[in-house]
Amino acid sequence: MRIIVVGATGTIGRPLAAALAERHEVVRVGNRNGDYQVDATDKGSIERLFRAVGPFAALVSLVGGARFKPVGELSDEDFAFSLRHKLMGQINLVRAGLAHVRDGGSFTLTSGVLSQEPMPGSSAITLVNRGLEGFARAAALEMPRGVRINVVSPPWVTETLEEMGWDTSIGMPAAKLAPAYLECIEGSRNGETLDARQFSRRSVPPPPAGPPV
């Protein structure tokens, strides 16, 4: 399959794109690097990306900017930033991508563990994560031409915890997230949120038989 990975140059995106490339054609999209660049907060930039890339079978979104602060310190701009980047950035990739995705294709968005396991400081992030999951559940009822949409919810990523100086023992290496994304891309799920921890012990199955799309 031809798969667009938006955020392919990030912490999760690099190992995921490498894993997908072993079995599919991967189009790596970043903010400044990659095969193509996009500003996911700009609908015009998203539309130009799809016109440049052309038809595709699957899209994975790893767009993820959101503010982490105590609720009493979150400003209107903090909420607006979180909604504009992680929530609407990913939703607009789906909205614009529907005109270019092939019949039977798929979209896979990324939320995060704070959706189900909030903590102090996570109000804005939990809000947008839950919003993404709710959007996918509802949008799945309306996807045309057999197109599917799902969400992967990663736990704390080891590499991110290390960068933040936090305890890495609670994290999972980014490279172990691939099986959950593959389940969304190659499986038949629709409108679901997959907890990546439940798939981390799975080995990556062989590529599916059949012609590429």
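## α3 and α4: side by side

In this predicted model, helices α3 and α4 have axes that come within 9 Å of each other and cross at roughly 20°. Angles under 35 degrees count as roughly parallel, so that is what we call α3 and α4. The crossing of α3 past α4 is right-handed.

Which residues of α3 and α4 make the contact? From α3 come F79, S82, L83, K86, L87, Q90, I91 and V94. On the α4 side you'll find A124, L127, V128, N129, G131, L132 and F135. Sort the residues of this contact by class and you get ten nonpolar, four polar and one charged.

Now zoom in on who touches whom. K43, I46, E47 and F50 are the α2 residues in this contact, and they meet G89, N92, L93, R95, A96 and G97 of α3. The class count for α2 with α3 is four nonpolar, three polar and three charged residues.

Helix α1 runs over residues 13-21, and helix α6 over residues 178-186. Their axes are 10 Å apart, and the two helices pack at an angle of about 55°. So α1 and α6 are oblique to each other, and α1 passes α6 in a right-handed crossing.

What meets what between α1 and α6? L16, A19 and L20 in α1 meet A178, Y181, L182 and I185 in α6. This contact has seven nonpolar residues, with no polar and no charged ones.

## The largest pocket

The largest pocket has a volume of about 1000 Å³. Its lining takes in 38 residues, and L62, V63, G64, G65 and K86 lie nearest the centre.

Which elements give two or more residues to the lining of the largest pocket? They are α3 (76-97), α4 (123-139) and α5 (158-164). The largest share, three residues, comes from α5. By class, the pocket lining has 17 nonpolar, 17 polar and four charged residues.

Notes
Residues are numbered from 1 along each chain as its sequence is written. This is a predicted model: local features need pLDDT of at least 70, side-chain atom pairs count only at pLDDT 80 or more; totals for chains, interfaces and linings use all residues. Side-chain values use heavy atoms; hydrogens and water are left out. On a 1 Å grid over the protein atoms alone, a cavity is a set of points where a 1.4 Å probe fits but cannot get out, and a pocket is an open set with protein on both sides within 12 Å along at least five of seven lines; lining residues have an atom within 4 Å of a point. Grid points are joined across faces, edges and corners, and a volume is the space filled by probe spheres set on the points. Helices (H or I, at least four residues) and strands (E, at least two) are DSSP runs, numbered from the N terminus. Ala, Val, Leu, Ile, Met, Phe, Trp, Tyr, Cys and Pro count as nonpolar, Asp, Glu, Lys and Arg as charged, and the others, Gly among them, as polar. Contact means heavy atoms within 4.5 Å. Axes are lines fitted to C-alpha atoms, for helices over the stretch in contact, and angles run from 0 to 180 degrees between N-to-C directions. Angles under 35 degrees count as roughly parallel, over 145 as roughly antiparallel, 65 to 115 as roughly perpendicular and the rest as oblique. A crossing is left-handed if the near helix is turned anticlockwise from the far one by less than a right angle, and right-handed if clockwise.
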